[in-house]
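Dear colleague,

I am passing on the structure below, together with some notes on its helix packing and its pocket. Please read the notes with the model open beside them.

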Amino acid sequence: MSLIDLLTGNTSSQVAEQAENKFGISKNQIIALLAVAAPLVISHLRNKSQDSNEAEALNNALDKDHDGSILNDASQAEARQAEGGSILNHVFGGEKENVENQLSQNTGISIDKIGPILAMLAPVIMGYIGQQKQQNNVGAGGLGGLLDGILGNASNQAQGQQSSPLNDILGSVLGNGQASSSGNPLNDILGSVLGGGGQQQQGGGGLGSILGGLFGGK
């Protein structure tokens, strides 16, 4: 299962429905947030995994707590919200508040709800990474390459999609030309997170530029 499959599949839909019921935020906004948060978290973990100690810690966490079962039981997302908060604290560190502010401003989700919703989404993202780790049979030393491959495949797949349900959701949520510099909102966002596309988006405005500015230099 690719990252795009995760974002457009049953798991994201079910988790978004839970969050919609709990927080009163539209399902489309939740899916759009997940579409941004997933590559964001993965890119941060990819960078962290360049350090052998961080890679070993991530490997242990995936083996212990993130076997991918959450992808088949979306009810775990709400039950593991507190754990998700801890995940975000580790992934983003001192940047967490800035990330939440930027995401809030550009998805229309209020700042008091963005953190709790992200905390619901984080275990899903980690579960996906854990599933990919198992399927590819990689250890700590291979995590950087695995995460890089996930992002690269997602970017390539997004580039090949002129239109998709996820693009339509992102376009409607981020809307008004904010993230349409290539005509493909998902591609813009993923390109920005991946770094190379981030520099291209600096003049385009919207969430793509913001994420490019936050992470393009890393």
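Which residues lie nearest the centre of the largest pocket? The model is predicted, and local features need pLDDT of at least 70 while side-chain atom pairs count only at pLDDT 80 or more, although totals for chains, interfaces and linings use all residues. Residues are numbered from 1 along each chain as its sequence is written, and side-chain values use heavy atoms, with hydrogens and water left out.

To the question, then: Ala-57, Leu-58, Ala-61, His-90 and Met-126 lie nearest the centre, within a lining of 13 residues. A pocket here is an open set of points on a 1 Å grid over the protein atoms alone, where a 1.4 Å probe fits, with protein on both sides within 12 Å along at least five of seven lines, and lining residues have an atom within 4 Å of a point. Helices H3 (27–48), H4 (52–65) and H6 (81–92) each give two or more residues to this lining (helices are DSSP runs of H or I, at least four residues, numbered from the N terminus), and H4 gives the most, with five. By class, the lining has seven nonpolar, two polar and four charged residues (Ala, Val, Leu, Ile, Met, Phe, Trp, Tyr, Cys and Pro count as nonpolar, Asp, Glu, Lys and Arg as charged, and the others, Gly among them, as polar).

Turning to the packing, the axes of H3 and H8 come within 9 Å and cross at roughly 60 degrees (axes are lines fitted to C-alpha atoms over the stretch in contact, and angles run from 0 to 180 degrees between N-to-C directions). H3 is therefore oblique to H8 (angles under 35 degrees count as roughly parallel, over 145 as roughly antiparallel, 65 to 115 as roughly perpendicular and the rest as oblique). Their contact (heavy atoms within 4.5 Å) includes Ile-30, Leu-34 and Val-41 of H3 and Ile-114, Leu-118 and Met-126 of H8, and it has 15 nonpolar residues, with no polar and no charged ones.

H8 (residues 111–136) also packs against H7 (residues 96–107), at an angle of about 110 degrees and with the axes 9 Å apart, so that H7 is roughly perpendicular to H8. Among the residues that meet there are Leu-103 and Ser-104 in H7 and Gly-115 and Leu-118 in H8, and this contact divides into four nonpolar, four polar and one charged.

With best regards
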